[in-house]
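Welcome! Here is a short tour of a few local features, with the sequence and the structure to hand as you read.

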Amino acid sequence: MAIERKTIAQTKSLPAPNSDFYQLAETLSAEEQAFLSQVRGFMETKVAPIINKYWVEDAFPFELIPAFKELNIGGLGIEGYGCRGGSALLFGLAAMEMSRVDSSIATFFGVHNGLAMGSVYATGSEEQKQKWLPQMARFEKIACFGLTEPLVGSGASAGLTTTAKKEGDMWVLNGQKKWIGNSPFCDISVIWARDVEDNQVKAFIVENKTTPGFSVERFKTRLQ
Ligand SMILES: Cc1cc2nc3c(=O)[nH]c(=O)nc-3n(C[C@H](O)[C@H](O)[C@H](O)COP(=O)(O)OP(=O)(O)OC[C@H]3O[C@@H](n4cnc5c(N)ncnc54)[C@H](O)[C@@H]3O)c2cc1C
């Protein structure tokens with residue numbers, strides 16, 4: 001029996017790795033699929049060429065913020081308020097495209113757009129949504145999401161120690177948070193605290209640079 005010998009040049013190259021095993025991206029609308037390709041293009045042309053420098057310098061790539069704005073991705077998954085909109089699936093696949101190139105950029109976006117903007121959209125008053133969501137969608141105000149505490153992580157729903165006390169028309173928050181992505185450089189923080197009046201956990205929008213008594217200590221991420 002003759003054995004067919006193939007030269008290396010003749011073998012087909014393997015398809016590019018694609019972790020969308022169920023081809024979910026193909027269930028998106030043509031417009032959403034086009035946007036997903038834009039996100040991949042953004043990560044490959046704007047992020048990949050510069051990001052290692054920021055890893056080495058242990059710094060945040062602020063130079064990317066205008067490009068994020070240009071990509072018009074702010075408010076992905078949120079309807080109205082100057083947000084991009086789109087399905088939760090599109091958000092998930094866009095996050096996958098970001099993580100494919102750099103997980104920290106995916107975390108930056110996930111915290112700002114998913115956790116912080118998502119909290120304002122889901123639980124904020126109409127006045128708060130009108131005030132903050134458009135600015136956050138334009139990346140003019142960057143946000144963080146402060147739930148976890150030094151002694152409370154998974155048990156945040158029942159164990160939060162940060163308290164909130166209403167005094168006149170002000171709220172006084174008291175406590176500490178830990179592991180809060182974006183907190184060293186963001187403009188506003190969505191802080192979760194337990195109202196001492198009714199023991200309910202509530203979220204508060206805190207302006208980092210102008211709120212008395214609010215401070216952020218940056219983690220030393222390597223031997224410095
Ligand atoms: C890279 C990174 C970014 C983060 N960014 C943010 C952020 O932006 N904002 C924010 O608020 N938090 C953030 N976190 C914190 C994250 O939400 C917490 O790490 C998470 O909630 C777990 O809490 P913990 O680390 O205190 O672990 P623990 O809650 O102490 O859990 C330790 C282990 O015990 C297990 N465990 C806990 N409770 C139980 C139980 N009842 N039964 C059985 N097993 C249990 C857990 O599954 C885990 O395996 C971030 C964390 C990381 C690592």
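## Two packed helices

In this predicted model, the axes of helix H1 (residues 30-47) and H4 come within 9 Å and cross at roughly 20 degrees. Angles under 35 degrees count as roughly parallel, so H1 is roughly parallel to H4. The crossing of H1 past H4 is right-handed.

Which residues meet here? On the H1 side they are Glu32, Phe35, Leu36, Val39, Arg40, Met43, Glu44 and Val47, and on the H4 side Leu90, Leu93, Ala94, Glu97, Met98, Arg100 and Val101. The residues of this contact of H1 with H4 comprise ten nonpolar and five charged ones, with no polar ones.

## Asn72 in its loop

Asn72 sits in the loop that runs between helix H3 (65-70) and helix H4 (88-101). Is Asn72 buried, partly exposed or exposed? Its relative accessibility is 42%, so Asn72 counts as partly exposed.

Beyond its neighbours within four places in sequence, Asn72 is in contact with Phe35 and Arg84. Phe35 is also one of the H1 residues that meet H4. Cys83 lies eleven residues from Asn72 in sequence, with 8.5 Å between their C-alpha atoms.

## Strand S2 and its partners

Strand S2 (residues 163-167) pairs with strand S3 (residues 170-174) in the antiparallel sense, over five bridges. Glu167 has Met170 of S3 as its bridge partner. The two strands form a hairpin with two residues between them, and Gly168 in the turn has a positive phi of about 65 degrees.

S2 also pairs with strand S4 (residues 188-195), here in the parallel sense and over two bridges. For Ala164, the bridge partner in S4 is Asp195.

Notes:
Residues numbered from 1 in each chain as written. Predicted model: local features only at pLDDT ≥ 70, side-chain atom pairs only at ≥ 80, totals over all residues. Heavy atoms only, no water. Helix = DSSP H or I, 4+ residues; strand = E, 2+ residues; numbered from the N terminus. Buried < 20%, exposed > 50% of the residue type's maximum accessible area, 1.4 Å probe, protein only. Contact = heavy atoms within 4.5 Å. Axes fitted to C-alpha atoms, helices over the stretch in contact; angles between N-to-C directions. Parallel < 35°, antiparallel > 145°, perpendicular 65-115°, else oblique. Left-handed = near helix turned anticlockwise from the far one by under 90°. Nonpolar A, V, L, I, M, F, W, Y, C, P; charged D, E, K, R; others polar. Pairing = 2+ DSSP bridges.
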